[in-house]
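Biologist: I would like to go through this model term by term. For each label, please give the rule first and then the value.

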Amino acid sequence: MAFVSGAGRSCWNPSAMSGCVAVFLILTISSWFGSTRAEVCSAFLDRQTGKLTLANGFRPDFVAWANFTDEIKQTGWSYLEVTTSGRYNDSLQAYAAGAVEAAVTSQLLYEHWMNTMVGYCGPFKYESGYCKRLKDYIIRNLQWMEQQMEQADDPEYWHQIRLALLQLRGLEDSYNDQVAFPSGQFSVNPFGFLLFQMGGDLEDLEAALNKSSLSRTLGSGSCSALIKLLPGNKELLVSHVTWNNYQSMLRIMKKYSFAFRKSPQAEDPIPGGTQAFSSYPGSIFSGDDFYILSSGLVAMETTIGNSNPALWKYVTPEGAVMEWLRNMVANRLARNGSHWAAVFSKFNSGTYNNQWMIVDYSRFTPGKTDEENLLTVLEQIPGLIVTEDKTKELLQKSYWASYNIPYFEKVFNASGCPALVQKYGDWFSFDKNPRAQIFQRNHSLVVDMDSMIRLMRYNNFEEDPLSRCQACDPPSNGENAISARSDLNPANGTYPFGALRQRPHGSTDMKVTSYAMFRDYKLLAASGPTWDQVPAFQWSKSPYSGLLHMGHPDLWAFPTVPVGWS
């Protein structure tokens with residue numbers, strides 16, 4: 001694939017506006033700034049040629065249409081809505097959905113690729129042995145999935161897999177200005193936009209396939225999450241903070257409204273046809289992960305990883321579906337938390353190993369709540385998935401916190417955590433690591449939405465004793481907070497393992513929704529590293545000003561903004 005800046009902009013050309021007319025809409029997406037400019041693109045079937053065609057603006061005969069607003073310079077977020085029409089078959093809808101998304105986000109897509117993926121198995125950082133093994137693995141896995149789709153066992157499951165891959169194909173074709181709906185079998189470029197989807201899977205595939213230098217640093221956190229019952233059970237708040245490399249901070253808040261059926265022969269729509277989620281250019285799922293679903297579920301995760309090399313034997317290309325795909329299928333098909341876990345648990349790839357939390361708002365009533373099926377927790381490592389209903393624990397403690405350490409003892413032990421505790425101490429333990437203690441101490445301070453946001457953006461590492469690291473010099477560490485700021489650690493410090501050193505890594509957002517908000521797919525969101533109690537991150541004044549960050553604002557000091565939809 002040739003990644004050329006702005007290629008494939010059938011609906012939008014930022015550098016040649018003579019070929020496109022901008023569309024102005026009044027959006028409710030970000031009410032802080034009132035009237036905003038939106039780019040609108042429709043995919044439709046040309047009556048004369050019968051071919052799928054892209055055009056500017058909204059067309060009532062759309063197969064799919066996209067509505068995109070870029071406010072990254074104002075709020076740190078851009079906003080995308082993609083809608084498909086049930087008048088057309090699911091496969092055409094899926095391909096068209098990918099096509100219109102690429103058409104209106106192509107500039108961001110190019111910039112995000114350059115910032116985050118251009119050197120991965122590419123011409124600049126090429127590890128030929130690993131890259132060959134990775135390509136072979138991906139191709140074999142795609143071929144195995146194609147065989148399952150042809151066999152038509154479990155048609156609901158494999159129908160959704162096919163639709164996801166068609167959406168990805170439409171995204172890539174549209175970016176390259178080669179829109180042509182594939183009939184029958186189709187291929188996916190193993191080193192194209194599939195790599196955007198596989199970001200989490202790749203971290204574990206690197207270890208399983210013996211890459212010489214791993215992307216994941218020992219102990220590196222990847223997200224904080226909190227589910228909090230307010231006093232008297234008057235509200236249930238669900239929040240997630242992404243931890244990531246700062247080069248990843250080109251963000252899109254997305255809402256997909258897809259009129260897919262459960263299977264090619266079914267008339268019933270999928271329960272999760274409408275989804276709102278935080279995401280990235282070129283990604284057709286969240287990746288953070290944080291979703292509000294039309295099924296009444298809110299799904300999110302934090303990464304627990306795997307530190308036991310003996311488990312990599314379970315990572316095989318046949319008999320496995322990559323985590324990003326299992327995530328998408330579960331979100332679309334699941335009716336409740338236990339069903340979500342059952343769908344997700346099929347074909348465990350052993351990659352992107354996470355603790356998933358599924359909140360079922362249909363089981364919550366303000367002032368009281370059911371004693372079961374409100375919260376389902378799932379943990380995955382290679383060869384093992386454990387799931388339990390944790391509603392009673394949530395009701396007893398009034399909160400559930402997640403911070404990259406396995407909860408279930410069986411998962412904790414099998415994934416190699418005891419050896420890390422023995423070597424490095426309580427930092428790797430479930431109940432004594434810094435974030436566990438901060439959540440335990442501070443969760444009772446959450447009495448409303450504002451105090452929830454303060455906790456999720458909390459980083460007072462220079463003064464909080466729970467942020468201290470006894471083996472570090474200096475002892476105060478920016479990693480040890482709900483919202484990490486590893487860039488603030490001194491470069492010349494002494495640290496026992498890599499996650500505690502200075503890195504361009506930390507919290508890159510905050511999202512929170514509630515019972516009052518979720519029905520309309522609304523949330524509150526902040527973009528960029530936390531700056532409540534620490535200096536705002538600024539590329540030009542940071543140690544990492546030389547890293548590629550195309551399209552980024554220089555200063556990341558954005559307020560928390562409401563996210564709604566037009």
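Modeller: Start with burial: a residue is buried under 20% relative accessible area, exposed over 50%, and partly exposed in between, using a 1.4 Å probe and protein chains only. The model is predicted, with pLDDT of at least 70 needed for local features and 80 or more for side-chain atom pairs, while totals for chains, interfaces and linings use all residues. Residues are numbered from 1 along each chain as its sequence is written, and side-chain values use heavy atoms, with hydrogens and water left out.

Biologist: Why is Asn327 called buried?

Modeller: The relative accessible area of Asn327 is 0%. The limit for buried is under 20%, so Asn327 is buried.

Biologist: What does Asn327 touch?

Modeller: Contact means heavy atoms within 4.5 Å. Leaving out residues up to four places away in sequence, Asn327 touches Phe285, Asp289, Tyr291, Phe344 and Trp356.

Biologist: Where is Asn327 found?

Modeller: Asn327 is in helix 7, residues 323-333. Helices are DSSP runs of H or I with at least four residues, strands are runs of E with at least two, and both are numbered from the N terminus. The protein has 14 helices and 24 strands.

Biologist: Why is Trp312 called buried?

Modeller: Its relative accessible area is 13%, and the label applies under 20%, so Trp312 is buried. Trp312 lies in the loop between strand 12 (297-303) and helix 7. Setting aside residues up to four places away in sequence, Trp312 touches Asp204, Ala207, Ala208, Asn306, Gly350 and Pro382.

Biologist: Which peptide bonds are cis?

Modeller: The bond from Asp288 to Asp289 is cis, with omega near -5°. Asp289 lies in the loop between strand 10 (274-279) and strand 11 (290-293). A cis peptide bond also joins Asp473 and Pro474, with omega about 5°. Pro474 is in the loop between helix 13 (449-456) and strand 19 (505-507).

Biologist: What makes a set of residues a nonpolar core?

Modeller: A nonpolar core is a set of buried Ala, Val, Leu, Ile, Met, Phe, Trp, Tyr and Cys residues joined through side-chain atoms within 4.5 Å. The largest one here has 91 residues, and Leu134, Met145, Ile161, Leu165 and Trp324 have the most contacts inside it. Helix 2 (residues 90-116) gives the most to this core, with 14 residues. Apart from it lies another core of 37 residues, among them Ala276, Phe364, Phe408 and Tyr515.

Biologist: What does Leu165 touch?

Modeller: Residues up to four places away aside, Leu165 touches Leu142, Met145, Met149, Phe186, Val188, Trp324 and Leu325.

Biologist: How do you know whether the whole chain agrees with a compact globule?

Modeller: The radius of gyration is taken over C-alpha atoms, and the globule rule is 2.2 Å times the number of residues to the power 0.38. For 566 residues a compact globule would come near 24 Å; the protein has 22 Å, which agrees. Buried residues make up 63% of the 566.
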